[in-house]
Amino acid sequence: MAVEGSCHCGKIAFRAEGAPDQAIECNCSHCQRKGFLLWFIPPETFTVTGDESAMTQYNFNTHKIDHKFCATCGAQPFARGRMPDGTEMVAVNLRCAPEFDRAAIQIVAVDGKSF
């Protein structure tokens with residue numbers, strides 16, 4: 001199975017291989033404001049299929065995650081960074097995958113305010 005999605009205007013599109021069974025909903029200042037629903041995957045299972053030149057990036061706090069977003073519509077379909085143990089990852093925003101059934105997975109609340 002693959003999950004496909006994009007930013008709102010469609011310039012930044014992606015394909016993520018795998019079948020999520022859960023996603024996190026974090027309450028940190030960034031995730032809460034943007035309403036992310038994140039699925040963390042290895043970078044080798046993720047492909048940008050749209051225009052990478054349409055992306056810009058935002059870093060905050062510890063600057064360990066590159067939050068990628070569309071310079072045109074502002075939607076943030078994914079981020080790249082490292083897990084706490086140093087493993088590279090991609091955080092896919094499942095809210096940017098309109099065909100994915102988010103009701104079929106477990107949503108795990110994460111207290112990112114405390115990190």
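Predicted model: local features only at pLDDT ≥ 70, side-chain atom pairs only at ≥ 80, totals over all residues.
1. Contact here means heavy atoms within 4.5 Å. Leaving aside neighbours within four places in sequence, A23 is in contact with L37, L38, L94, I105, Q106, I107 and V108.

2. A23 belongs to strand β3, which covers residues 22-26. The relative accessible area of A23 is 1%; because buried means under 20% relative accessible area, A23 is classed as buried. A further relation concerns W39: A23 and W39 are separated by 16 residues in sequence, yet their C-alpha atoms are 4.8 Å apart in space.

3. The sheet deserves attention next. Three strands make up an open sheet in the order β1-β2-β5, with antiparallel pairing.

4. For E4, the relative accessibility is 48%, and E4 accordingly counts as partly exposed.

5. The charged side chains may be taken together. In general terms, side chains of opposite charge can pair when their charged atoms come close. A salt bridge requires a side-chain nitrogen of Lys or Arg within 4 Å of a carboxyl oxygen of Asp or Glu, and by this rule the count comes to four salt bridges. One of them joins the side chains of R15 and E4, at 2.6 Å from N to O. R15 lies in strand β2 (residues 13-17) and E4 in strand β1 (residues 2-6), so this pair ties together parts that are 11 residues apart in sequence.

6. R15 also takes part in a salt bridge with E17, again listed at 2.6 Å from N to O. R15 is partly exposed, at a relative accessible area of 32%, and E17 is likewise partly exposed, at 37% relative accessibility. Another salt bridge is formed by the side chains of R82 and E88, at 3.7 Å from N to O. R82 has a relative accessibility of 47% and counts as partly exposed, while E88 is partly exposed with a relative accessible area of 45%. Through shared partners, salt bridges join E4, R15 and E17 into one network.

7. Why is the aromatic pair of F14 and F46 described as stacked? A search of the whole structure finds two aromatic pairs. In the pair of F14 and F46, the ring centres are 5.7 Å apart and the planes stand at 25 degrees, so the pair is stacked, because planes under 30 degrees apart count as stacked. This pair links distant parts of the chain, with F14 in strand β2 and F46 in strand β5, 32 residues apart. Both F14 and F46 are buried.

8. F46 also forms an aromatic pair with F78, and this pair is tilted, with 4.8 Å from centre to centre and 50 degrees between the planes. Here too distant parts of the chain are linked: F46 is in strand β5 and F78 in strand β8 (residues 78-82), 32 residues apart. The relative accessibility of F46 is 6%, and F46 counts as buried; F78 counts as buried at 1%. The ring pairs link F14, F46 and F78 into a cluster.

9. K34 lies over the face of F69, at 5.4 Å from the ring centre.

Definitions and conventions
Residues numbered from 1 in each chain as written. Heavy atoms only, no water. Helix = DSSP H or I, 4+ residues; strand = E, 2+ residues; numbered from the N terminus. Buried < 20%, exposed > 50% of the residue type's maximum accessible area, 1.4 Å probe, protein only. Pairing = 2+ DSSP bridges. Phe/Tyr/Trp six-rings, centres within 6.5 Å; stacked < 30°, edge-to-face > 60°. Lys NZ or Arg CZ within 6 Å of the ring centre and 35° of its normal.
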